[in-house]
Amino acid sequence: MSSDQIIKDDSRFIHGEDLQRGGKWSDITLTIKSVGDKDTMKAKDGKVIPGFPVFFQETDKIAVLKGSNIRLLKSALQTADRSQMAGKKLTLYPAKGTWF
(Lines give C-alpha, C1' and ligand atoms only; values in the text may rest on other atoms or scores of the structure.)
Protein backbone atom coordinates (compact mmCIF):
# COMPACT_ATOMS: atom_id res chain seq x y z
CA MET A 1 0.00 0.00 0.00
CA SER A 2 1.39 3.42 -0.94
CA SER A 3 1.86 6.22 1.59
CA ASP A 4 -0.83 8.19 -0.28
CA GLN A 5 -3.33 5.36 0.25
CA ILE A 6 -2.33 5.05 3.93
CA ILE A 7 -3.02 8.76 4.45
CA LYS A 8 -6.32 8.53 2.55
CA ASP A 9 -7.50 5.78 4.90
CA ASP A 10 -6.44 7.59 8.11
CA SER A 11 -8.75 10.22 9.63
CA ARG A 12 -5.82 12.00 11.33
CA PHE A 13 -4.86 13.58 8.02
CA ILE A 14 -6.39 16.34 5.89
CA HIS A 15 -8.23 14.96 2.87
CA GLY A 16 -9.78 16.63 -0.15
CA GLU A 17 -13.23 16.07 1.36
CA ASP A 18 -12.23 18.37 4.23
CA LEU A 19 -12.39 21.25 1.73
CA GLN A 20 -16.13 20.82 1.29
CA ARG A 21 -18.52 23.06 3.23
CA GLY A 22 -22.22 22.39 2.84
CA GLY A 23 -21.54 20.22 -0.21
CA LYS A 24 -19.55 22.95 -1.97
CA TRP A 25 -15.81 23.07 -2.50
CA SER A 26 -14.08 25.95 -0.78
CA ASP A 27 -10.66 27.22 0.18
CA ILE A 28 -9.58 26.88 3.78
CA THR A 29 -6.92 29.00 5.45
CA LEU A 30 -5.11 27.47 8.40
CA THR A 31 -2.43 28.77 10.74
CA ILE A 32 0.68 26.60 11.02
CA LYS A 33 1.30 25.49 14.59
CA SER A 34 4.48 23.59 13.76
CA VAL A 35 6.25 21.55 11.10
CA GLY A 36 7.62 18.28 12.39
CA ASP A 37 10.73 16.35 11.50
CA LYS A 38 10.83 14.46 8.22
CA ASP A 39 9.52 10.89 8.19
CA THR A 40 8.31 10.90 11.81
CA MET A 41 4.62 10.18 11.21
CA LYS A 42 3.56 6.57 11.42
CA ALA A 43 0.56 4.84 9.95
CA LYS A 44 -1.76 2.77 12.10
CA ASP A 45 0.26 -0.31 11.11
CA GLY A 46 3.49 1.33 12.32
CA LYS A 47 4.98 2.04 8.90
CA VAL A 48 6.64 5.42 8.39
CA ILE A 49 4.73 7.93 6.28
CA PRO A 50 7.33 9.85 4.27
CA GLY A 51 7.33 13.63 4.43
CA PHE A 52 7.10 16.53 6.87
CA PRO A 53 4.01 16.63 9.10
CA VAL A 54 2.40 20.07 9.30
CA PHE A 55 0.25 20.77 12.37
CA PHE A 56 -2.34 23.55 12.50
CA GLN A 57 -3.92 25.69 15.19
CA GLU A 58 -7.50 25.39 13.90
CA THR A 59 -7.68 21.61 13.53
CA ASP A 60 -6.16 18.41 14.87
CA LYS A 61 -5.87 17.12 11.29
CA ILE A 62 -2.36 16.91 9.86
CA ALA A 63 -0.97 17.56 6.38
CA VAL A 64 2.10 15.54 5.41
CA LEU A 65 4.11 17.35 2.76
CA LYS A 66 6.84 15.79 0.66
CA GLY A 67 8.73 16.65 -2.48
CA SER A 68 7.34 19.59 -4.41
CA ASN A 69 4.82 20.55 -1.73
CA ILE A 70 7.38 21.08 1.02
CA ARG A 71 9.59 23.03 -1.42
CA LEU A 72 6.61 25.20 -2.37
CA LEU A 73 5.82 25.83 1.29
CA LYS A 74 9.41 26.89 2.00
CA SER A 75 9.37 29.17 -1.03
CA ALA A 76 5.98 30.72 -0.24
CA LEU A 77 6.99 31.39 3.37
CA GLN A 78 10.47 32.48 2.30
CA THR A 79 12.17 30.29 4.87
CA ALA A 80 13.56 26.78 5.10
CA ASP A 81 13.69 27.11 8.91
CA ARG A 82 10.70 25.12 10.13
CA SER A 83 10.65 26.98 13.47
CA GLN A 84 9.93 30.22 11.57
CA MET A 85 6.88 28.69 9.86
CA ALA A 86 4.80 28.70 13.06
CA GLY A 87 2.12 31.37 12.97
CA LYS A 88 2.15 31.64 9.17
CA LYS A 89 -1.06 31.13 7.19
CA LEU A 90 -1.50 28.38 4.61
CA THR A 91 -4.47 28.32 2.26
CA LEU A 92 -5.55 24.95 0.90
CA TYR A 93 -7.81 24.96 -2.11
CA PRO A 94 -9.48 22.25 -4.16
CA ALA A 95 -8.21 21.78 -7.70
CA LYS A 96 -9.40 19.40 -10.37
CA GLY A 97 -6.84 17.83 -12.61
CA THR A 98 -5.19 14.76 -13.95
CA TRP A 99 -2.38 13.85 -11.59
CA PHE A 100 0.46 11.46 -12.23
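**Architecture of the predicted chain**

Thr 31 is buried, with a relative accessibility of 5% (buried is under 20% relative accessible area, exposed over 50%, and partly exposed in between, using a 1.4 Å probe and protein chains only). The model is a predicted one, in which local features need pLDDT of at least 70 and side-chain atom pairs count only at pLDDT 80 or more, while totals for chains, interfaces and linings use all residues. Residues are numbered from 1 along each chain as its sequence is written, and side-chain values use heavy atoms, with hydrogens and water left out.

Thr 31 is part of strand E3 (helices, H or I with at least four residues, and strands, E with at least two, are DSSP runs numbered from the N terminus). Its contacts, not counting residues up to four places away in sequence, are Phe 55, Phe 56, Gln 57, Glu 58, Gly 87, Lys 88 and Lys 89 (contact means heavy atoms within 4.5 Å). Thr 31 and Ala 86 are 55 residues apart along the chain, and their C-alpha atoms are separated by 7.6 Å.

The chain contains two helices and eight strands. Read from the N terminus, the order of elements is α-β-β-β-β-β-β-β-α-β. Of the 100 residues in the chain, 31% are buried. Among contacts with a separation of 6 or more, 51% are made by residues 24 or more positions apart.

An open sheet is formed by four strands in the order E7-E6-E3-E8, with antiparallel pairing (two strands pair if DSSP finds at least two bridges between them). E7 and E8 are at the edges, each with a single partner strand, so one side of each has no neighbour in the sheet. On average, neighbouring strands of this sheet are turned by 50° against each other, direction ignored (axes are lines fitted to C-alpha atoms, for helices over the stretch in contact, and angles run from 0 to 180 degrees between N-to-C directions). Strands of a sheet pair through backbone hydrogen bonds, either parallel or antiparallel.

Strand E3 covers residues 28–35 and pairs with E8 in the antiparallel sense over four bridges. Within this pairing, Ile 28 stands opposite Leu 92 in E8. E3 is also joined to strand E6 (residues 52–56) by three bridges, and these two strands run antiparallel. Here Val 35 has Val 54 in E6 as its bridge partner. E6 in turn pairs with E7 in the antiparallel sense over three bridges. Val 54 also has a bridge partner in E7, namely Ala 63.

Helix H2 lies across E3, E6, E7 and E8 and runs at about 95° to E7. Its buried residues include Ile 70, Leu 73 and Leu 77. Seen down the axis of H2, the buried residues fall within an arc of 55°, so they line one face of the helix (the arc is that of the directions from the helix axis to the C-beta atoms). The cover over the buried residues of H2 includes E3, E6, strand E7 (63–65) and E8. On the face of H2 turned away from its buried side are the exposed residues Arg 71, Leu 72, Ser 75 and Ala 76.

Gln 78 follows H2 and lies in the loop between H2 and E8. Gln 78 is exposed, at 74% relative accessibility. Although Gln 78 is not a glycine, its phi is positive, at about 55°. Most residues other than glycine have a negative phi. A positive phi, of about 60°, is also found at Asp 39, which is not a glycine. Asp 39 is located in the loop between E3 and strand E4 (41–42) and is partly exposed, with a relative accessible area of 33%.

Thr 79 is placed in the loop between helix H2 (67–77) and strand E8 (89–92). Thr 79 is buried, its relative accessible area being 10%. Not counting residues up to four places away in sequence, Thr 79 touches Lys 74, Gln 84 and Met 85. With Gln 84, the side chain of Thr 79 makes a polar contact to the side chain at 3.1 Å (a polar contact is a pair of N or O atoms within 3.5 Å; within protein, one must be able to donate a hydrogen and the other to accept it, and residues adjacent in sequence count only if both atoms are side-chain atoms).
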